[in-house]
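Please prepare a brief report on helix packing and chain contact in the model shown below.

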Amino acid sequence: MITKRIIPCLDVKNGRVVKGVNFEGLTDVSSPVSLAKYYSDNLADELVFYDITASAEGRQLFTDILTEVASTIFIPLTVGGGINTTDDFDRVLKCGADKVSVNSGAIKDPSLVSAAARKYGDQCVVLSVDIKRVDGVFRVFAKGGRENTGMEAISWIKKCVANGAGEVVVNSIDTDGVKNGFDLEMLEAVCNAVTVPVIASGGAGKKQDFVDLFNALPKVDAGLAASIFHFGEVKIPDLKKTLRDNNIEVRL
Amino acid sequence: MIGIIDYGVGNLFSLTSSFKAVGADVFVSGEEKELLKAEKLILPGVGAFGDAADKLCSTGLDKFVISQAEKGVPLLGICLGMQLLFEKSYEYGEHEGLGLLKGQVVPMYGKVNGLKLPHMGWNKLHLCKPESRLFANTNEGEHVYFVHSFCAENCEDSLAAVTEYGMAVTAAVEKENIYGCQFHPEKSGEAGLKILKAFCYGKA
């Protein structure tokens with residue numbers, strides 16, 4: 001049977017990996033290439049790179065780094081950040097990305113998902129959504145979680161999946177950086193709405209949070225986290241042993 | 001020398017890098033006269049079967065691949081490239097394949113016990129051909145990375161490995177000099193590199 005995937009996420013700015021708490025107060029952690037190699041050697045099932053650079057120079061630096069990562073490690077790579085057109089898909093796919101994650105780009109231009117899915121296949125298009133509860137309603141936030149789009153999250157996700165998004169990363173702004181567990185309520189709502197793979201993001205602080213995630217919501221395919229992996233608070237081989245001890249299928 | 005056949009389908013960056021990583025001398029080309037120099041050929045592929053088969057035919061590379069395979073040149077099809085080795089595909093219509101292996105490619109929809117499709121992620125290999133070259137260095141139960149919604153069937157004479165996904169899914173085939181992996185060895189970490197190494201050099 002297919003395994004649950006554990007995915008470290010690397011936010012890259014000016015060639016370095018950074019991770020913010022609730023998206024603010026960025027802290028430099030390490031080099032993307034050495035971290036990627038470390039994760040690949042230590043049983044990460046996939047890696048996600050978010051380019052959070054705004055400048056053109058930074059973007060070039062990012063694609064150079066991506067090329068270096070993709071020629072060094074041989075597990076699936078997803079790239080996001082600054083993806084606004086199918087040309088952006090092309091740019092990162094040529095550097096060795098396998099999947100491309102769209103967030104604000106799809107909000108600005110909802111036809112991006114269908115255009116990219118037609119050109120590169122559904123499996124290549126990952127919808128990433130930053131979601132926050134506003135007056136008890138799940139709302140889609142744009143621009144790295146700073147701007148409320150006013151859109152209701154579940155209907156937005158359903159629409160994008162119908163347009164060809166092959167996977168959905170659900171990032172709960174409410175639990176991100178809090179390290180008190182994934183947002184099970186939000187994830188359940190998404191899992192009940194779509195049949196494509198769902199990746200949980202935001203809130204993992206310890207191994208048990210992943211056990212609780214996969215036990216409570218067997219339909220969730222993967223768990224994604226950043227700083228707890230980067231700072232070694234949770235080691236992926238240990239995490240996977242714990243998951244296996246809890247009868248959750250993993251690659252070990 | 002390993003020649004990766006470029007017929008305009010998908011991106012060959014990772015595949016090329018992974019062969020380099022196992023120490024192989026590798027090149028990418030869409031030109032017959034270049035590919036003739038290859039001692040081993042790789043047929044890659046992503047996307048839809050019909051489009052890929054059309055591209056392979058329109059470049060004339062279909063006949064080249066068949067003739068090299070018939071001469072005994074080792075040929076490894078990867079993902080859609082493996083599916084193209086078979087006689088036929090029923091992916092959105094009916095399409096002719098290269099016919100190098102017996103079998104057809106059929107949709108997995110409705111056969112996987114309600115599981116999600118595409119079948120995407122890491123799954124276990126169950127080896128079923130003890131004399132296999134591809135898996136000469138692979139242990140039963142190793143995980144490799146899959147992304148597909150269609151699979152080969154009626155290919156018992158070449159079947160080398162299966163994986164479980166609501167059904168027994170053809171994971172790899174091997175018959176004489178014709179090899180195929182439904183999974184992506186170039187995305188399967190060390191397990192994948194071992195398979196590419198075995199294809200290049202045999203048992204370690």
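The model is predicted: local features need pLDDT of at least 70, side-chain atom pairs count only at pLDDT 80 or more, and totals for chains, interfaces and linings use all residues. Residues are numbered from 1 along each chain as its sequence is written, while chains are lettered from A and ligands numbered from 1 in the order in which they are written.

Helices are DSSP runs of H or I with at least four residues, numbered from the N terminus. Axes are lines fitted to C-alpha atoms over the stretch in contact, with angles from 0 to 180 degrees between N-to-C directions.

| Helix pair | Axes come within | Crossing angle |
|---|---|---|
| α3(A) (residues 86-94) and α5(A) (residues 111-120) | 9 Å | roughly 45° |
| α8(A) (residues 207-216) and α10(A) (residues 236-245) | 9 Å | roughly 40° |

Thr86(A), Phe89(A) and Leu93(A) of α3(A) meet Ala115(A), Ala116(A), Lys119(A) and Tyr120(A) of α5(A), contact requiring C-beta atoms, placed from the backbone, within 7 Å.

α8(A) and α10(A) are likewise oblique to each other, and their crossing is right-handed. Lys207(A), Phe210(A), Val211(A) and Phe214(A) of α8(A) contact Asp238(A), Leu239(A), Thr242(A) and Leu243(A) of α10(A).

Between the chains, 23 residues of chain A are in contact with 25 residues of chain B. On the chain A side, α2 (56-72) and α3 each supply at least two residues.

Conventions. Contact = placed C-beta atoms within 7 Å. Parallel < 35°, antiparallel > 145°, perpendicular 65-115°, else oblique. Left-handed = near helix turned anticlockwise from the far one by under 90°.
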